[in-house]
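This briefing concerns the structure displayed below.

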Amino acid sequence: MEKKKNFTISVYTENNVGLLHRLSAIFLKRHINIESFSTSESEIKDVFRFIIVVKMTKSGVEKVVKQIEKQVEVIKAFYHTDSETIFQESALYKMKSSSLFEERHIQNVIKDSNARIVTVNPEFFVIEKTGFRDDTEKLYKDLKSYGLLQFTRSGRIAVSKEKMGISEILNTFKNQK
Amino acid sequence: MKKKKISGAEAVIHSLLNEGVDLVWGYPGGAIMPVYDEFYKFQDKLKHILARHEQGAIHAAQGYARSSGKVGVAIATSGPGATNLVTGIADAQIDSTPVVCITGQVPSHLLGSDAFQETDIIGISMPVTKWNYQITKAFEIPEIFAKAFYIAKSGRPGPVLIDITKDAQFELFDYEYSKCKGIRSYNPLPKINNSSIDDAVKLINKAKKPFIVWGQGVILGNAEDEFKSFVEKSGIPAAWTILGVSALPTSHELNVGMVGMHGNYGPNLLTNECDLLVAIGMRFDDRVTGDPKTYANQAKIIHLDIDPAEINKNIKVEVPIIGDCKESLKLITERIEKRSHEKWISKFDDLMKIEFDKVINSDLNPSKKGLTMGESIIAINEQTNGEAIIVTDVGQHQMVACRYANFIHSKSNITSGGLGTMGFALPAAMGAKMGAMNREVVAVIGDGGYQMTIQELGTIFQLQIPVKIVILNNDFLGMVRQWQQLFFDKRYASTEMINPDFVTIAKGYYLDSERVNDRKDLRPAVERMIKSKKPYVLEICVEKEDNVFPMIPSGASVSDVRLS
């Protein structure tokens with residue numbers, strides 16, 4: 001049996017309503033759970049980039065990426081292993097302000113984790129931590145016992161070590177015209 | 001083109017005319033009425049045929065597309081009108097049929113308000129369309145229509161849906177149309193890789209037991225001539241999937257029959273004996289491969305397909321040739337040696353003899369009293385001389401028709417292959433006839449599927465579309481019953497039907513109709529039907545519990561093909 005592992009799928013697309021639905025349907029149809037998902041405009045104007053993390057076999061992810069690339073409004077799709085990308089996640093932790101003074105240890109936890117305090121007000125304060133899943137997870141565990149009011153983690157954002165060459169694809173099209 | 005201010009609805013008509021459309025199938029309703037008003041005004045330029053159900057309209061558009069090679073167009077209103085198209089859209093998607101669907105939508109300010117007849121047809125149709133788009137401003141219409149037709153017919157064809165809000169249909173704007181010549185994110189014609197041609201030529205030249213399996217890609221790529229040249233020069237025996245069948249005449253000496261669940265004995269068995277499998281414009285559907293783990297493991301496989309996503313999807317291949325097979329087949333044929341494989345082909349002949357003795361003979365020359373589906377198809381062959389377009393649904397009648405029908409010309413077998421849609425054949429046949437008026441169109445339908453879209457007799461009657469409709473009536477959902485017999489100890493759960501009088505129903509629509517029960521009446525009745533210049537319904541009452549063989553049980557290997 002082929003082993004499952006994390007793959008980061010990067011999809012460059014046109015900026016159109018509904019494309020998210022079209023992409024998610026590809027995963028739904030094959031009963032694939034999406035581990036993490038994020039999207040934003042890419043380095044090219046009007047070109048969007050989706051970062052989708054899935055736990056799959058290599059042959060499985062290959063097929064899914066081909067199905068994604070087949071969509072008319074997808075410019076190009078790639079898949080990479082963790083070691084082929086630079087990736088990060090962000091997390092926000094909302095804590096009771098009183099605990100900052102009552103539990104002196106918290107200050108050490110924050111300092112040791114290289115986290116950043118985003119805001120402090122009389123009721124609560126918010127910590128931000130960017131890093132690997134393990135880093136944000138560790139801070140979550142460390143802070144949990146001090147009364148975590150809210151916790152949220154972003155989807156993975158990633159850039160590939162290899163070149164993706166989207167501008168080249170778009171230029172080739174322009175020159176053909 | 002000179003600019004003039006027109007409504008969105010009128011722009012829909014002009015866009016269709018600019019794309020060369022002269023016939024659309026549809027059904028009106030509230031949210032599409034402005035467009036229908038324009039159909040009325042433009043009726044001398046653009047024919048609209050009123051189906052009796054939106055599913056009938058879309059299947060007719062599919063039949064039209066498949067007999068004519070042009071893009072079929074179906075139009076419906078919002079809500080239920082739109083959702084009734086979905087089965088046909090899914091059918092067109094899986095069978096790569098170019099159709100453009102146009103649906104009306106509630107006015108844009110009501111979107112998301114659960115307005116009367118509002119449904120999210122964009123969301124619903126997204127997984128089963130090649131592309132879809134909601135138009136909320138009239139100015140988008142020309143560009144979106146140009147894109148829709150370009151996408152539907154280019155590369156691997158497929159269905160496209162355009163949803164137009166009612167306010168966009170009323171809105172006035174400056175209309176200007178230019179055809180779509182390309183989309184930057186879409187590459188319909190991947191460039192053929194020369195080194196894979198080299199690899200393919202080497203494998204073909206040294207193969208001792210090569211075997212071709214071709215599919216509809218040959219027809220969709222207009223590559224029938226290139227395919228024939230390739231087959232003849234290579235001397236390789238060639239078998240077809242049900243969607244590929246008419247690309248090479250049935251009588252061609254290298255045509256060895258059909259592969260798949262109810263395909264011929266030899267092609268299935270020898271799939272697991274060949275040393276080279278050349279797969280052309282086919283997608284290794286599970287009904288073709290049986291258990292993929294045991295499929296052609298001993299063979300090297302060359303796979304020609306225009307869709308990169310089909311490569312290694314179901315079956316791993318050694319040499320993928322991605323691109324237009326019209327081009328790649330030519331490149332390969334130029335470079336291969338002229339060969340013949342007589343000894344290898346004689347194996348197909350030997351196995352065909354076994355199949356004839358065990359299956360075909362009793363199908364076509366039955367000793368029992370009841371009529372068989374097989375002899376009914378032969379009677380149609382005799383009267384049409386293989387010139388007809390045969391349109392089928394899904395089930396036993398479909399398998400028998402594909403196995404025994406005689407084809408001379410391409411685009412002659414129109415059937416619901418991938419989706420297996422009951423109710424496809426009757427509307428698809430009227431569409432096929434309108435797409436090929438100079439050809440005889442014979443719909444062969446089971447009694448189950450016939451009743452799923454029987455209302456289209458109304459359309460056929462009103463327009464006097466001269467299709468010939470053959471109902472192979474066994475008073476059963478035959479294929480399901482066959483499975484119940486073989487795999488569920490004959491527990492015939494909900495498969496037996498007490499049917500209405502189909503002749504009376506046809507007569508209720510003022511159509512000529514007759515019923516045949518006895519062998520002696522079969523040929524004269526088929527002859528009367530074919531000679532008729534009008535639509536005609538012929539009910540042939542066949543044996544109730546006949547089975548279709550050969551058969552590969554679901555999930556079994558192609559080498560486990562059974563003859564009884």
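Two residues are in contact if their C-beta atoms, placed from the backbone, lie within 7 Å. The model is predicted: local features need pLDDT of at least 70, side-chain atom pairs count only at pLDDT 80 or more, and totals for chains, interfaces and linings use all residues. Residues are numbered from 1 along each chain as its sequence is written, while chains are lettered from A and ligands numbered from 1 in the order in which they are written.

**Helix pair in chain B**

- Helix H9 (residues 194-206) of chain B packs against helix H14 (residues 325-335) of chain B at an angle of about 50°, and their axes are 10 Å apart; helices (H or I, at least four residues) and strands (E, at least two) are DSSP runs, numbered from the N terminus.
- Axes are lines fitted to C-alpha atoms, for helices over the stretch in contact, and angles run from 0 to 180 degrees between N-to-C directions.
- From H9(B), Ile197(B), Ala200(B) and Val201(B) meet Ser328(B), Leu331(B), Ile332(B) and Arg335(B) of H14(B).
- This contact of H9(B) with H14(B) comprises 5 nonpolar, 1 polar and 1 charged residues (Ala, Val, Leu, Ile, Met, Phe, Trp, Tyr, Cys and Pro count as nonpolar, Asp, Glu, Lys and Arg as charged, and the others, Gly among them, as polar).

**Chain B overall**

- Chain B has 23 helices and 20 strands.
- Its C-alpha atoms fill a box of roughly 70 × 60 × 40 Å along the principal axes.
- Among contacts in chain B between residues at least 6 apart in sequence, 78% join residues at least 24 apart.

**Interface of chains A and B**

- In chain A, 18 residues are in contact with 16 residues of chain B.
- Helix H1 (19-29), helix H2 (58-70), strand E4 (74-81) and helix H6 (166-176) of chain A each supply at least two residues of the side touching chain B.
- That side of chain A divides into 6 nonpolar, 4 polar and 8 charged residues.
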